[in-house]
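Here is a short briefing for a reader new to this chain. It goes from the whole chain to single residues.

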Amino acid sequence: MDADNQQLGIMPLREALRLAEERNLDLVNVAPNAKPPVCRIMDYGKFKYEQSKRERESRKHQKVVLLKEVRMTPNIDDHDLNVKLKNVLKFLSEGSKVKVSVRFRGREITHQNIGQELLERLAKSAEEHAIVERAPKLEGRHMVMILAPKQPSA
């Protein structure tokens, strides 16, 4: 094919190179594994520039999902829990995932059920804005739950 997308047919390599040279363009091997190999006469520099421009444009429209973290202890007060909930909802509205962790200190680890109830209560409060991506699970001295923002129903 030439620069105007016209089929030139099967021709020897020397003739194709001569045609490209006459038009001040490049001969680009598009499908080297085909029988016979498919080549194209084009301005390769312009092609690479337009390709990078398309890639930049597509990167502009990508959304990077961050993982924010909210930490608390099992003996958190109701008001403090509401402040943490407000932060969780803010992070979710920005489109980030939220890792909610409860840290057990000392003998608090024997009361894992308190941390479990705390995380479930937080998930219940945020259920209209988030889905539980990973249920509460104990990892060492931390109980971790991951919330992801709900996708708007179309």
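A residue is called buried when its relative accessible area is under 20%, exposed when it is over 50%, and partly exposed in between, using a 1.4 Å probe and protein chains only. By that rule, buried residues make up 26% of the 154 residues in the chain. The model is predicted: local features need pLDDT of at least 70, side-chain atom pairs count only at pLDDT 80 or more, and totals for chains, interfaces and linings use all residues. Residues are numbered from 1 along each chain as its sequence is written, and side-chain values use heavy atoms, with hydrogens and water left out.

**Overall layout**

- The chain has 4 helices and 6 strands, where helices (H or I, at least four residues) and strands (E, at least two) are DSSP runs numbered from the N terminus.
- Read from the N terminus, the order of these elements is α-β-β-α-β-α-β-α-β-β.
- The chain is more spread out than a compact globule, because its radius of gyration is 29 Å, well over the 15 Å that the globule rule gives for 154 residues.
- That radius is taken over C-alpha atoms, and the globule rule is 2.2 Å times the number of residues to the power 0.38.
- Along the principal axes, the C-alpha atoms fill a box of roughly 85 × 30 × 25 Å.
- The domain assignment gives domain 1 (13-60) and domain 2 (67-149); such bounds come from an automatic or database domain assignment.
- Between the C-alpha centres of domain 1 and domain 2 there are 54 Å.

**Contacts, surface and charge**

- Of the contacts (heavy atoms within 4.5 Å) between residues at least 6 apart in sequence, 53% join residues at least 24 apart.
- The chain carries 29 positive and 22 negative charges, whose mean positions are 4 Å apart.
- In that count Lys and Arg are positive and Asp and Glu negative, while His and the chain ends are not counted; each charge is placed at NZ of Lys, CZ of Arg, CG of Asp or CD of Glu.

**Residues in domain 1**

- E21 belongs to helix 1 (residues 13-22) and counts as exposed because its relative accessibility is 60%.
- N24 is in the loop between helix 1 and strand 1, and its phi is near 55°, a positive value in a residue other than glycine.
- With a relative accessible area of 69%, N24 is exposed.
- N24 and I41 are 17 residues apart along the chain, and their C-alpha atoms are separated by 9.6 Å.
- P36 lies in the loop between strand 1 (26-31) and strand 2 (38-42), and a cis peptide bond with omega of about -10° joins K35 and P36.

**Residues in domain 2**

- S96 sits in the loop between helix 3 (78-93) and strand 4 (97-103).
- S96 counts as buried because its relative accessibility is 5%.
- Apart from neighbours within four places in sequence, S96 is in contact with L66, K68, F91 and P149.
- E128 is in the loop between helix 4 (112-125) and strand 5 (130-139), and its relative accessible area of 60% makes it exposed.
- E128 and L89 are 39 residues apart in sequence, while their C-alpha atoms are 10.0 Å apart in space.
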